[in-house]
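Please read the points below beside the structure. They are meant for someone who has not seen it before.

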Amino acid sequence: MRAQKSGQNDDDVMKAALDIYYNDHIIKFSLEHAWRELRHDMKWCSTYQAKDTGKEKRKQVYSIDGEDDGGEPEARAVGVKAAKAASKKKKTGKEEDLSVLQSMFEIKEKIANRKVLECLLAKKRATL
């Protein structure tokens, strides 16, 4: 979109981008449907915002669910004092132990799922 010339619409820009992708990778871009769904997603919009517009006094607040109802006011940003308090708050020993246990439990579940999958694949191969 930054290289959009005068008189070009979104379709022209998309066609040029697809041509560039094909020239670089020698294959056709096959995820255009996904790109059209996610192009306005908050995760990707911040990548292409103009950086040279100058510093604004207020931060932009995005809605969580991605829908604009128009009538509802936007959520307020976290205040300076609340942000400082959150950054200074340290985990207690119990919270750290809990997070370690949770991560170990997640790893154990992944290993168990992998073993089950391997058993199923072995049974499937044995029947073939």
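The notes below cover numbering and cut-offs, then a salt bridge, a tryptophan and a surface patch.

1. This is a predicted model, in which local features need pLDDT of at least 70 and side-chain atom pairs count only at pLDDT 80 or more, while totals for chains, interfaces and linings use all residues. Residues are numbered from 1 along each chain as its sequence is written, and side-chain values use heavy atoms, with hydrogens and water left out.

2. The count of salt bridges (a side-chain nitrogen of Lys or Arg within 4 Å of a carboxyl oxygen of Asp or Glu) comes to one. Glu-32 and Arg-36 form a salt bridge through their side chains, at 2.7 Å from N to O. Both residues belong to helix H2, four residues apart, or about one turn of the helix. Helices here are DSSP runs (H or I, at least four residues), numbered from the N terminus.

3. Glu-32 has a relative accessible area of 24% and Arg-36 one of 37%. Each is therefore partly exposed, a class between buried (under 20%) and exposed (over 50%), with a 1.4 Å probe and protein chains only.

4. Trp-35 also lies in helix H2, which spans residues 32–38. Trp-35 is partly exposed, at 36%. Apart from neighbours within four places in sequence, Trp-35 is in contact (heavy atoms within 4.5 Å) with Met-14 and Phe-29.

5. Leu-101, in helix H5 (residues 93–127), counts as exposed because its relative accessibility is 53%. Val-100, Leu-101 and Met-104 make a nonpolar surface patch of about 300 Å². Patch residues have over 30% relative accessible area and no salt bridge; nonpolar side chains (Val, Leu, Ile, Met, Phe, Trp, Tyr) are joined within 5 Å, and like charges within 9 Å. Areas come from the Shrake-Rupley method with a 1.4 Å probe, and for residues only the protein chains shown count as cover.

Technical notes
Helix = DSSP H or I, 4+ residues; strand = E, 2+ residues; numbered from the N terminus.
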